[in-house]
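Visitor: Hi, could you walk me through this one? I'd like to jump around a bit and ask as we go.

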Amino acid sequence: MNLFSIKNFLVLVLLLYLLPMTSFSAEIFLESKNTTSYVGEEFLVEVFLNTKDASVNAIEGKIKFPSQFLDFKEAREGNSLINFWVEKPSLTNDGEVSFSGITPGGFQGSNKFLFGLVFSSKNPGNVALVFSDLKVLKNDGLGTEIITTPLSYEFNISNEQGVGTFENLTIVDNEPPEEFFPLIASDLNLFDGKYFVVFSAIDKGSGIYGYTVSESMLGPNGVYLAAESPYMLKDQSLSKNIYIKAIDKSGNFRLVTLDAQNPIIWLKPDIIFGIILVILCLFVFKKIWSKYTQR
Amino acid sequence: MGALAVYAQAPVVENVTVSATVDGVVVNPGGGGGGGGGGGGGTGLYENAGVFFSGRAYPLSKVSILKDGQLVLSTIAGPDSNFSANLGDLSSGNYTFSLYGEDKNKIRSSTFTFDIFITSGVTTKITGIFIAPTIATDKRQVKKGDNIVIFGQSAQAADIVISVNSPVEFFRNTTTDMNGVYLLNFDTSVLELGQHSTKSKALKSGEASSFSNSAGFMVGLTNLETEPVIKLVKCDLNDDGRCNLIDFSIAAFWYKINLSPAFLIKERNHLSGDGKVDLVDFSIMAFYWTG
């Protein structure tokens, strides 16, 4: 057997050895409509996961990009299979987007959409988006890590400004976020045992922009403050209704009301006026009656 | 403000059969009448979608349905174990639905989860759901050679396959009664000393459920009864018997920061026990999630 055939044989043995291992590994990859971008162009890159044989319930990682070539514009997590974000995809360092989230019950299969990233090309050159610090965990109650192959995404930025088909990245979203179910709780490990409310809405279109909360006895038209979950309640007596608005990135909103747990019974002004009038009448009647009986 | 609109559209129904024993979903487009309708949203006009669920649980048991991890509705199965439920006001998009049952002893089944794309204006029918049986044992430690009682609940008059895990896996068969209850006396003389676990699955009318959660027990030199109160231990940071957004929020507060002495105990008892809150803890939560 000559040297070449020995080498081939060893490669074959190695491949046969690795083949069963690779079938258990997941694969995370990036996809975009264009392989070439143009200076000044904004484009969308989407992140997908192939879980292969495993059911996955948690994922975290970073996507690194050369900031001398690209500006990060926004993350799009609308319609993601991730239900709860520990860290929403966002710019955490120069040239680095971090993400971390879970899906209760897990998911399994190929081309599972995680989120999208919008970049703007600013200088010509060859560019690569690469994953780092990746963790994909099995839905087994133990948090077992799954071997995951990260596939980087390479493309070229052309110098020809204004050339090319600029992708229309506008999301047409007329639908409010999905109905959501806030919960009130208190726990010594959070806010020193004070009452707080937790909430998490999902928007299948443009994604959630943020939340506002109003604690009011006067209905849903009170003052709303920007809020994040968990939100410590200002009214610790729980005597006010809590109104929570989930707002998506297109400006649609879903309003959810939590009725006061210990409501103070309030009377309408006209009823209060009526009661005062009756008391006054009784008082006057009593005065007149006492004068009448003294005669 | 957009005008409120009422749609008059052709009824659209999409049938989906979900089998607990087959990965993924089988889509059978088309189908009969029903469904349809829709309405205007507060911020614009859109066509709502809906989902219809049906399948088998346990007689008169509570079935909980989670949409994207949030408990959206509960229903009670009939005396024949069958249940059905409708969910409306959905947008078009990817959804993760999870279902679990709760037996007469308040023991929860394993969660059956699947993801599906819901089409705008279409009612999707998801049928053939078979909730896995519940399982428990009468002893947490059994004296080698004594019997251990393995019991639980499933659909009425179903065949139950019980697996007892050891270096050699033992399988036993039994059936449920009209209340869906099954019970098996397992002779532990065939088991080695040490930790073991058991799980079960149900078969009825050619359909099979997935395996139940595992119930652990020890084979030792004495018998120790199982504690009568069955309480969710993992994930339940606020001890309310549930694993949901409250527990997630408490854990997220301590994510990647030093834990207080009080929370260290919680982390040890309810999460991974490694003295920190990281993705592994959230993965444990996602597994035990009840919504």
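**Around one asparagine**

Guide: Leaving aside residues within four places in sequence, B:Asn244 is in contact (heavy atoms within 4.5 Å) with A:Leu183, B:Trp289 and B:Gly291. This is a predicted model, where local features need pLDDT of at least 70, side-chain atom pairs count only at pLDDT 80 or more, and totals for chains, interfaces and linings use all residues. Residues are numbered from 1 along each chain as its sequence is written, chains are lettered from A and ligands numbered from 1 in the order in which they are written, and side-chain values use heavy atoms, with hydrogens and water left out.

Visitor: Where does B:Asn244 sit in chain B?

Guide: B:Asn244 is in the loop between strand 21 (224–225) and helix 1 (245–253) of chain B. Helices (H or I, at least four residues) and strands (E, at least two) are DSSP runs, numbered from the N terminus.

Visitor: Is B:Asn244 buried or exposed?

Guide: With a relative accessible area of 5%, B:Asn244 is buried. Buried means under 20% relative accessible area, exposed over 50%, and partly exposed in between (1.4 Å probe, protein chains only).

Visitor: And what does its side chain reach?

Guide: The side chain of B:Asn244 reaches the backbone nitrogen of B:Ile246, at 3.1 Å.

Visitor: Switching to cysteines: how many disulfides are there over all chains?

Guide: There is one disulfide over all chains, a disulfide being a pair of cysteine sulfur atoms within 2.5 Å. B:Cys235 and B:Cys243 form it, with their sulfur atoms 1.9 Å apart, and both residues are buried.

Visitor: Why is the disulfide of B:Cys235 and B:Cys243 called right-handed?

Guide: Because the torsion about the S-S bond of B:Cys235 and B:Cys243 is about 70°. As for another cysteine, A:Cys281 is partly exposed, at 47% relative accessibility.

Visitor: Now the hydrophobic side. How many residues are in the largest nonpolar core?

Guide: The largest nonpolar core has 36 residues, and those with the most contacts inside it include A:Ile28, A:Ile63 and A:Phe119. Strand 9 of chain A gives the most to this core, with five residues. A nonpolar core is a set of buried Ala, Val, Leu, Ile, Met, Phe, Trp, Tyr and Cys residues joined through side-chain atoms within 4.5 Å. In soluble globular proteins, nonpolar side chains tend to be buried together.

Visitor: What else is there by way of cores?

Guide: A second, separate core has 32 residues, among them A:Ala58, A:Leu137, B:Cys235 and B:Ile250.

Visitor: Where are A:Asn79 and A:Asn111?

Guide: A:Asn79 is in the loop between strand 5 and strand 6 (84–93) of chain A, and is buried at 17% relative accessible area. A:Asn111 lies in the loop between strand 7 and strand 8 of chain A, and is partly exposed at 47%.

Visitor: Last one: what is the mean pLDDT of chain B?

Guide: The mean is 85, and 82% of the residues of chain B reach 70 or more; pLDDT is the predictor's confidence in each residue, from 0 to 100. Over residues 1–11 of chain B the pLDDT is below 50. For the complex, the predictor gives an ipTM of 0.81 and a pTM of 0.81.

Terms used. A polar contact is a pair of N or O atoms within 3.5 Å; within protein, one must be able to donate a hydrogen and the other to accept it, and residues adjacent in sequence count only if both atoms are side-chain atoms.
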